[in-house]
Amino acid sequence: MGPKNNKTDFTISRWIFPLAAVIWFCIAFWAINWVGESKFKEFDPELRLSSQMMSLSMEAELVRLLPASVAQADLGNIASDSDRANGTIFHLTQGACFCETLSESHKNTLNEWASSKQIAYQTIDVSAMADLRRFVPSTPAVIVLNKKRELVYLGPYSTGMGCFQSSGMVDERIKPYFQNSAVELHATIQSEAKGCYCPTVAPL
């Protein structure tokens, strides 16, 4: 009976890992489809940001609302004195947003790159900042300023399924500018995008 039982146990264990892999694949496939169907939304569904873009003073008003210096805890090896940084990345969140969890890997990768370029970064909760929400219709979102506090980028990290990736739209816009001093500044405001976003509460 011993050898037969051992053979049976071996046969069962041989199928456990393939079965577990199939189950994991099914769950992952379901999760991705669920996100695709229920969470993929327009970044600017009420055209809040689009309407702000029509104002000539939009960029100045936006920059005025952002901190002039960045918290030391988020700076890594860069001093809190903003004059020493080559720019600043503001990660915009509001909490209790599933999509912000998905973008966490992208955020961390972007911060690693920023540290290597002496660019400061900080996370801002826009839920308590009504004035800033005029320019931030959804999260997760990013605002990037250069050394002179001029706007480089405003918009989401990525679009579509790129929300799960560690690089995307923001990287394509800001990295050429910060990596090549010959590239002229042309601020990118990305209001037209569709992906995993959570709308912010419109200011009164």
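Predicted model: local features only at pLDDT ≥ 70, side-chain atom pairs only at ≥ 80, totals over all residues.
1. Disulfide count and pattern. The structure holds two disulfides.

2. Cys-97 and Cys-198. These two cysteines are joined by a disulfide with an S to S distance of 2.1 Å. The torsion about the S-S bond is about 90°, so the link between Cys-97 and Cys-198 is right-handed. Cys-97 lies in the loop between β2 (87–93) and α4 (98–102), while Cys-198 sits in strand β9 (residues 198–199), so the bond ties together parts that are 101 residues apart in sequence. Both Cys-97 and Cys-198 are buried.

3. Cys-99 and Cys-196. The S to S distance in the disulfide of Cys-99 and Cys-196 is 2.1 Å. The torsion about this S-S bond is -75°, and the link is left-handed. Distant parts of the chain are linked here: Cys-99 belongs to helix α4 and Cys-196 to strand β8 (residues 194–196), 97 residues apart.

4. Burial of the second pair. Are Cys-99 and Cys-196 buried or exposed? The cut-off for buried is under 20% relative accessible area. Cys-99 has 2% relative accessibility, so Cys-99 counts as buried. Cys-196 has a relative accessible area of 1% and is therefore buried.

5. Helix α7. Which residues of helix α7 (residues 169–179) are buried? They are Met-169, Val-170, Asp-171, Ile-174, Tyr-177 and Phe-178. An α-helix has 3.6 residues a turn, so residues three or four places apart point the same way. The cover over the buried residues of α7 includes strands β2, β5 (141–146) and β6 (151–155), as well as helix α5 (104–116).

6. Surface patch. Leu-19, Ile-23 and Ile-27 form a nonpolar patch on the surface. Together, the three residues have about 290 Å² of accessible area. Leu-19 is part of helix α1 (residues 2–38). The cut-off for exposed is over 50% relative accessible area, and Leu-19, at 52%, is therefore exposed.

Notes
Residues numbered from 1 in each chain as written. Heavy atoms only, no water. Disulfide = S-S within 2.5 Å. Helix = DSSP H or I, 4+ residues; strand = E, 2+ residues; numbered from the N terminus. Buried < 20%, exposed > 50% of the residue type's maximum accessible area, 1.4 Å probe, protein only. Contact = heavy atoms within 4.5 Å. Patch = residues over 30% accessible without salt bridge, like charges linked within 9 Å, V, L, I, M, F, W, Y side chains within 5 Å. Areas by Shrake-Rupley, 256 points an atom, 1.4 Å probe, with all protein chains shown as cover. Salt bridge = Lys/Arg side-chain N within 4 Å of Asp/Glu carboxyl O.
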